[in-house]
Amino acid sequence: MPDDLNWAIGGEAGDGIDSTGKIFAQALSRAGRHVYTSKDFASRIRGGYTAYKIRTSVDRVESVVDRLDILIALTERTIDENMDELHDGSVIIYDGERTTMQNVEVPDNMVDLDVPLQSLAEDAGGSIMRNVVALGAACQVTNFPIGSLDASLEKRFKDKGTAIVENNKDAARLGQEYVQENYDHTEEYDLETTDSDYVLLNGDEAIGMGAIAAGCRFYAGYPITPATDVMEYLTGRIDQYGGKVIQAEDELAAINLSLGAARAGARAMTATSGPGVDLMTETFGLVGASETPLVICDVMRAGPSTGMPTKQEQGDLNMLIYGGHGEVERLVIGPTTVAECFWRTVEAFNLAEKYQLPVYLVSDLSLAVTEQTFRPETFDMDDVEIERGKIVDEEEIDSWTDEQDRFQPHFPTADGISPRAFPGTDGGAHMTTGLEHNALGRRTEDTEIRVEQVEKRQRKIETSKQRETWDYREFGDPDADTLLISWGSNEGPIREGMELLAKDGIDVRFISMPYLSPRPDLTAEIENAETTIVVECNAKGQLADLLERDVLERLERVNKFDGVRFKADELAEKVRRSVKPSQEATTQ
Amino acid sequence: MSSDVRFIDFKSDKQPTWCPGCGDFGTMNGMMKALAETGNDPDNTFIVAGIGCSGKIGTYMHSYALHGVHGRALPVGAGVKMANPELEVMVAGGDGDGYSIGAGHFIHAVRRNVDMSYVVMDNRIYGLTKGQASPTSREDFETSTSPDGTNMAPVNPLALALASGATFIAQSFSSDSQRHTELVREAIEHDGFGLVNVYSPCVTFNDVDTYDYWRDSIVDLSETDHDPSDEDDARERIMSGDREHVGILYQDPDSVPYGRREGMDQNMSEIPDGAPEDAMDLVREFY
């Protein structure tokens, strides 16, 4: 009897695969079992192959595995697509009466469960319920109490009336009874229930919920896989808290709408995927230059260009850290689990306002589409703290005006953080601009002010490094010779993979990095390890490149950013000053 | 809002760098007067400006303001207004900003009908980059980048607006200060998106669409029997192209602005210092 059970329903897009899978996942969650789901899907409305997969256990599950125990196959292709994952004793439930399924041959080592899904569904009131008949059959195979399905059937169909709900319950029972009566020894698997109390949600929903908890009131976005769920979650719900979701005409508008709302003082956000970040990069510089707090969420998918829109990749790290012309100060943080999607979103809003800059919240497709179980207190709303940074009201305006009573929104303070006056604040009227500007927010090309403002913006990052804990999450044996470092959704599979390695006697220290820029200095950790392996879903190893750079010995630097080119004599002098310390060292 | 605000209060202490005689001086003065006449003051006003000569307007006026990136001023303005409906939001830009690089946003801003005004300084030329064709340049207009003319029909911004469901379309001439101010004021007072396309001549680079040309060609609708609520008449005048109309071409008397339609009446900047009181309900939804 395995500790975990791997279940899937697959068919063509349009077959109701997603909603059927979700019903079963919810039933498992309500029955006190942990659930971790994944999807095989393509960017199309109908046809092709799509599957909803559930891994479930009474213990926490943090990953998918290459093993499939129960498969509901609505098409023959579904069986072919999953042949590698099926094994001795895997159960395949299908409807052999369907013309397209008549030639299905289930390998001898597997359990062939031919169930007339469609006919039974018709008996219950309509062929549309054939997937639910299959769920009932699956319940019988896994010894899972059919009553546990009822609540999720009610949740799914209550809008359609009690008759439909009851028909679906009947359909499930017909499936269960058919298997009971026609097959022997089908109860190979045992989906034991517990008294635990779980909620089931995916990473995009966790981000949306985090945004509402954090006081986000304005969301503008343009639909894009796999970030659309953030927008759909917020639509309707954010309204209950005085907020609004705006579907913009494109990502350019989405970020500019959000920027406008943020200038007006709202906590604002937009979420997109890589192609959307490309477009938003235009205004990203303005967000940074105008020192506007904004949370931009990138739910990564496989690129470049349109790439593989429904596939996993972590290929945007370089873009998020370096993207945009010129040098734009930013923070980049990335949740590493579905629950972290909630908490890092809350944190992103606080960081954006405390340091008055754009924050990239980077998630990935795997987090976005995975539905996972958590204890409700994982999202304890009492733990949500909101820090809005240096906001000044009417009374405080005077402390931040110049000798002509003009408010200075970009005043170069010691910590780099300037006062913020929301529009409508008496005496606070000011402009800001994407042009280099002075403390008043007015255009200037004065070399000294240019340098002062660049350094002021850089200083905010330095201040954030001092004030915040840019920590990492650590797992495994801290003294192990092998160090794994990763980011994003890889945390789950790595943690479970470590258990497998431990069985082979390989101990591993694992550092999971939610803070990508700034990030913790891992020089000591890397030097202490015999082997350091950086694990990423991309081809080049973008985090590995950054970490290799981080642990290099520092180079001397000569920089100039006042808008004037290098002059030979000035350059020679700067180089002279840079080389002096080492020359002194050699003469000692 | 105080009732004793003067238009000069909207003027910053920064002197414009526009060429002497530029139409933008008159355009800006009318904006400031209209804002003051409608009871606004700099602390409750937000100006969003695009890029180009016209984009500099945020610097020369005194109010809350953002000088954004090229072509994206309208979504910024809509975002400001939606987040705080108490603010008076005015977006200003040029024909390149609004009808070329920002043409997509223009159409959708018109559709959305957010309660704000949009003043476009239309000089039918790119001035700041020293004289290239603009989207409203005439087909035979010769410039450094169109030596044989653009050979394309000019964009008809009023037609674009009407086709997109505009609720207020006006056109003014920057040198007719009184009439221009009056039309901007109407746009501010309109419940919804108020477009004022302003003939604002470029005296340096455009020797075709000059003050003299416009003075000779303009027909003021107030001197005709035009009824602004008559969409058919508006369409005919906008599409005819043989007249330079000044006045309100079209106004939908039943316009309901986006915020009111969507029940957005809150200042979104005001939030609690923790999660909303009933936020655990959001978690329980996932049972």
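Biologist: With which residue does A:Arg130 form a salt bridge?

Modeller: Side chains of opposite charge can pair when their charged atoms come close. A salt bridge here is a side-chain nitrogen of Lys or Arg within 4 Å of a carboxyl oxygen of Asp or Glu. A:Arg130 forms one with A:Asp15, the closest N and O atoms being 3.6 Å apart. A:Arg130 lies in helix α4 (residues 130–141) of chain A and A:Asp15 in the loop between β1 (4–13) and α1 (17–30) of that chain, so the pair ties together parts 115 residues apart in sequence. Helices (H or I, at least four residues) and strands (E, at least two) are DSSP runs, numbered from the N terminus.

Biologist: On what basis are such values given?

Modeller: This is a predicted model, in which local features need pLDDT of at least 70 and side-chain atom pairs count only at pLDDT 80 or more, while totals for chains, interfaces and linings use all residues. Residues are numbered from 1 along each chain as its sequence is written, chains are lettered from A and ligands numbered from 1 in the order in which they are written, and side-chain values use heavy atoms, with hydrogens and water left out.

Biologist: How many salt bridges does the rule find across the interface of chain B and chain A?

Modeller: The rule finds six there, and over all chains the count comes to 60. In one salt bridge, the side chains of A:Arg442 and B:Asp13 meet at 2.6 Å, N to O.

Biologist: What area is buried between chain B and chain A?

Modeller: The size of an interface is often given as the accessible area lost when the parts come together. Buried area is that loss (1.4 Å probe), summed over both parts. Between chain B and chain A the figure is about 5,000 Å², of which carbon and sulfur atoms give 63%. B:Tyr64, B:Phe286 and B:Tyr287 supply 17% of the area that chain B buries against chain A, more than any other three residues.

Biologist: Which strand of chain A is joined to β2(B)?

Modeller: Two strands pair if DSSP finds at least two bridges between them. Three bridges join β15 (residues 431–433) of chain A to β2(B), and the two strands run parallel. A:Thr433 stands opposite B:His67 in β2(B).

Biologist: Why are A:Phe284 and A:Tyr360 called stacked?

Modeller: Rings of Phe, Tyr and Trp (its six-membered ring) pair if their centres lie within 6.5 Å; planes under 30 degrees apart count as stacked, over 60 as edge-to-face and the rest as tilted. By this rule there are 19 aromatic pairs over all chains. The ring centres of A:Phe284 and A:Tyr360 are 4.7 Å apart and their planes are at 10 degrees, so the pair is stacked.

Methods. Buried area = accessible area lost by both parts, 1.4 Å probe.
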